[in-house]
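Welcome! Take a moment to look over the model before reading on, and keep it open beside this report.

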Amino acid sequence: MGRKAQFAEVSKQKPGHGKKTKKQKDPVFPKLLVNGQDNKKLSRRQKQRLAKAIKKGRRSLSNVEDIVNTNAVNESSSNDNLTVLKNRKKRKSGDINDTLDENSSWLKLKKKSSLNKKVKSSVDSSTFDEWNVSTIDTIEDTINSTEENGIDDSNDEETFKISNLNEIDGEDDSDDDGSDNEKDEFSSDVSEENIDEQNDDEDLLPIEKENRVLKKQKKQEQKDAQAELQLNIDQQEVFQFPSEESVATLQDVQQRMREVVVVLSNFNKLRDGIHSRKDYIDLLKKDICTYYSYNDFLMDKFMQLFPLSELLEFLEASEVQRPLTIRTNTLKTRRRDLAQALINRGVNLDPVGKWSKVGLVVYSSQIPLGATPEYLAGHYIIQGASSLLPVMALAPQENERILDMCAAPGGKASHISAIIKNTGILFANDANKDRVKAVVGNFHRLGIVNSVICNYDGRKFPEVLKGFDRVLLDAPCTGTGVIAKDPSVKTSKDEQDIQRCFNLQRQLLLAAIDCANAKSTTGSYIVYSTCSVLPEENEWVIDFALKKRNVKLVDTGLDFGTEGFVHYRQHRFHPSLKLTRRFYPHTHNMDGFFVAKLKKFSNVIPKTSTEEENDAEDTINNERTQDSPTNEINNKEPIKKQMKEISITKKQDNIKLNLFKNGSKTETTSLALNDKDNKLKNKTLNKSVINSPSNKGHSLKKINTNKSKSFSKDVEQKAIQKLKKNIATKKKKIGTLKKK
Ligand SMILES: C[S@@+](CC[C@H](N)C(=O)[O-])C[C@H]1O[C@@H](n2cnc3c(N)ncnc32)[C@H](O)[C@@H]1O
């Protein structure tokens with residue numbers, strides 16, 4: 001039964017009836033079995049499998065011995081094997097001619113192929129027994145000599161022996177045809193590896209596979225680094241400015257961005273001599289906007305905020321979503337138990353960092369994290385790592401009265417409740433009715449029972465309720481720190497949005513301060529936070545509050561993050577602003593965030609500021625206030641004009657004297673130096689102190705000559721005259737100093 005081997009030469013296969021007979025050839029047995037000869041050459045795959053199998057020690061010793069025997073070489077005894085090994089070593093060291101061993105009659109090595117070297121090196125470093133090593137070499141040498149000497153396969157005995165080995169191994173060669181043999185080259189290490197890996201992959205544990213992937217990545221990184229190095233070398237040549245007509249692909253744009261950054265980093269040396277620094281910066285800005293899809297306005301803002309190299313890092317990080325994090329609800333479970341429960345469900349997670357005891361970072365999950373039984377039971381809430389920071393800074397205490405002024409959807413508010421263990425009372429407020437519903441849902445799920453959820457405009461909250469021990473203001477903002485989450489920010493923001501935001505933020509912050517009780521025995525702290533990286537929405541707002549209320553900045557208690565700005569471009573903020581904290585996606589691997597902690601030391605609201613607050617409220621309808629940051633930052637014309645009106649002296653003697661002259665004399669507002677000898681001013685001009693960091697010991701008092709009814713016209717005139725005199729003397733002094 002079955003098909004019979006055709007020992008006679010059959011030139012053509014006869015077509016049969018069935019499918020099998022059409023496809024399958026008659027079995028062919030090695031010719032050696034018939035007449036001791038075989039002209040079948042080994043395919044590359046066969047050779048690889050052979051070498052690998054031996055290397056792995058898969059083949060039994062006897063099989064290999066058989067092969068060696070059939071090679072007609074006297075290597076059956078262990079002594080002989082030793083000899084082969086010795087010869088191999090000698091060949092390596094060049095002590096003997098490659099063909100001086102007993103195989104010299106057929107083993108003629110001219111040069112070693114890459115595979116040969118590769119297998120040898122890997123075998124050398126392995127722990128396989130020496131016998132196998134020598135055998136591999138012998139066989140590989142056979143392969144190489146066969147190929148490289150171009151020995152006629154049909155007459156070659158050893159070739160048969162290797163093919164024989166394949167048959168012993170029982171491997172199916174049906175996929176190896178003649179064309180395979182023609183392509184038989186051992187030149188590409190990479191393809192070798194790939195094939196090796198494919199074969200090996202089946203045997204590997206998942207962790208080993210991951211390790212392999214990591215190694216691959218490392219290799220790729222090395223290659224990239226090399227390419228970058230080359231790029232840097234190339235960039236030593238002068239960068240060619242693109243012509244206006246030239247059309248660039250996205251790749252060209254990316255390359256050009258890097259090149260321009262390099263030129264700008266060493267401008268004098270690397271510039272082309274034709275274009276100015278501004279030309280380069282403009283080109284870079286244009287390219288960045290094209291590449292990352294930002295509008296000009298926001299890119300200007302970021303370019304003012306970050307040095308160029310950091311800017312690219314920030315933009316790159318803003319393209320990638322931050323790792324998903326969850327917060328353990330300690331009202332219901334412990335982090336360890338939650339982690340274990342989620343791991344059991346196939347979630348791959350870790351603690352978020354040493355700085356948090358409740359955060360877990362989730363690398364991968366086989367189930368949606370918003371639908372696990374643990375989630376539904378309220379054991380955790382999905383919350384960005386940076387969202388934990390403001391509540392940590394607030395450090396709420398049990399039994400306190402706490403207000404979260406902008407609470408929806410309730411992530412931070414529920415964190416507060418968990419920390420104070422459902423004691424005291426938490427007011428969770430939000431102006432948006434629909435979003436308040438989310439607070440209700442979350443609080444139910446998380447088991448929060450100490451809260452009052454309300455729906456007021458935060459600016460009006462002091463009229464509703466005051467006297468809180470702590471207030472959290474997680475203010476609405478432009479969201480420039482969370483671009484990865486909401487890429488629409490890239491193109492949707494303009495100057496008006498920022499202005500609208502910081503006006504609202506300033507008013508909300510003043511209201512939050514007014515809600516706090518300075519006489520609280522446990523607190524009287526206000527934490528202000530935003531997910532924006534723009535100073536207009538952060539330092540600027542805090543600086544404003546420092547001037548308008550009896551508050552001071554205190555340490556946030558967060559031991560990481562970068563310090564807030566004290567200087568930003570031409571602007572100077574109160575020095576204590578370095579106590580605030582900034583977080584960036586590119587440096588802290590979390591959303592861009594800002595956190596400031598204020599302590600209220602008096603419930604008295606400085607009187608003069610009410611008028612300005614009203615002014616600020618007016619600006620919510622898109623009017624610009626005098627100290628509007630965007631006004632000063634973006635509109636260079638008003639700054640110059642203002643400077644001309646205000647600036648009288650600067651720096652040299654560390655005193656700033658400012659005089660406002662807006663139109664007619666009746667509108668005049670003046671700022672005068674509060675010198676000790678200036679009794680006139682001390683007596684009459686007891687208005688709010690302006691906390692300018694540049695005052696350095698001198699306080700400036702504000703005189704509103706028009707509105708102040710407390711002093712006579714006479715005193716008013718005297719004050720102005722004395723002030724003018726002072727200014728003249730200062731000017732003179734400065735003039736002489738400058739001359740010197
Ligand atoms: C950044 S979100 C707050 C996120 C919240 N703290 C949390 O952790 O889940 C800002 C919130 O401020 C609210 N909001 C905007 N204007 C407000 C106002 N005038 N008074 C109170 N809340 C306001 C928005 O509805 C929004 O829910």
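## A pair of strands

Let's begin with two strands: strand 1 (residues 324-328) and strand 3 (residues 359-365) pair in the antiparallel sense over four bridges. Strands here are DSSP runs of E with at least two residues, while helices are runs of H or I with at least four residues, and both are numbered from the N terminus. Two strands count as paired if DSSP finds at least two bridges between them.

Residues are numbered from 1 along each chain as its sequence is written.

## The sheet around them

Four strands form an open sheet with the order 2-3-1-4 and antiparallel pairing. At its edges lie strand 2 (347-351) and strand 4 (380-382), each of which pairs on one side only. On average, neighbouring strands of this sheet are turned by 35° against each other, direction ignored; the axes are lines fitted to C-alpha atoms.

## A closer look at Leu312

Leu312 sits in helix 16 (residues 308-317). Is Leu312 buried, exposed or partly exposed? Leu312 counts as partly exposed because it has 19 C-beta neighbours inside 10 Å. A residue is buried with 20 or more other C-beta atoms within 10 Å of its own, exposed with 12 or fewer, and partly exposed in between, with C-beta atoms placed from the backbone. Leu312 and Tyr292 are 20 residues apart in sequence, and their C-alpha atoms are 9.9 Å apart.

## Around the ligand

There are 18 residues around the ligand, and Cys406, Ala431, Asn432, Gly458 and Asp474 come nearest. A residue counts as near if its C-beta atom, placed from the backbone, lies within 6 Å of the molecule. The shell divides into seven nonpolar, five polar and six charged residues. Nonpolar covers Ala, Val, Leu, Ile, Met, Phe, Trp, Tyr, Cys and Pro; charged covers Asp, Glu, Lys and Arg; the others, Gly among them, are polar.

## The whole chain and its confidence

The protein chain has 31 helices and 19 strands. Of its 740 residues, 33% are buried.

The chain averages a pLDDT of 71, and 57% of the residues score at least 70; pLDDT is the predictor's confidence in each residue, from 0 to 100. Over residues 615-712, pLDDT stays under 50. Where pLDDT is low, the predicted coordinates should not be read in detail.

Note on methods. This is a predicted model: local features need pLDDT of at least 70, side-chain atom pairs count only at pLDDT 80 or more; totals for chains, interfaces and linings use all residues. Two residues are in contact if their C-beta atoms, placed from the backbone, lie within 7 Å. Axes are lines fitted to C-alpha atoms, for helices over the stretch in contact, and angles run from 0 to 180 degrees between N-to-C directions.
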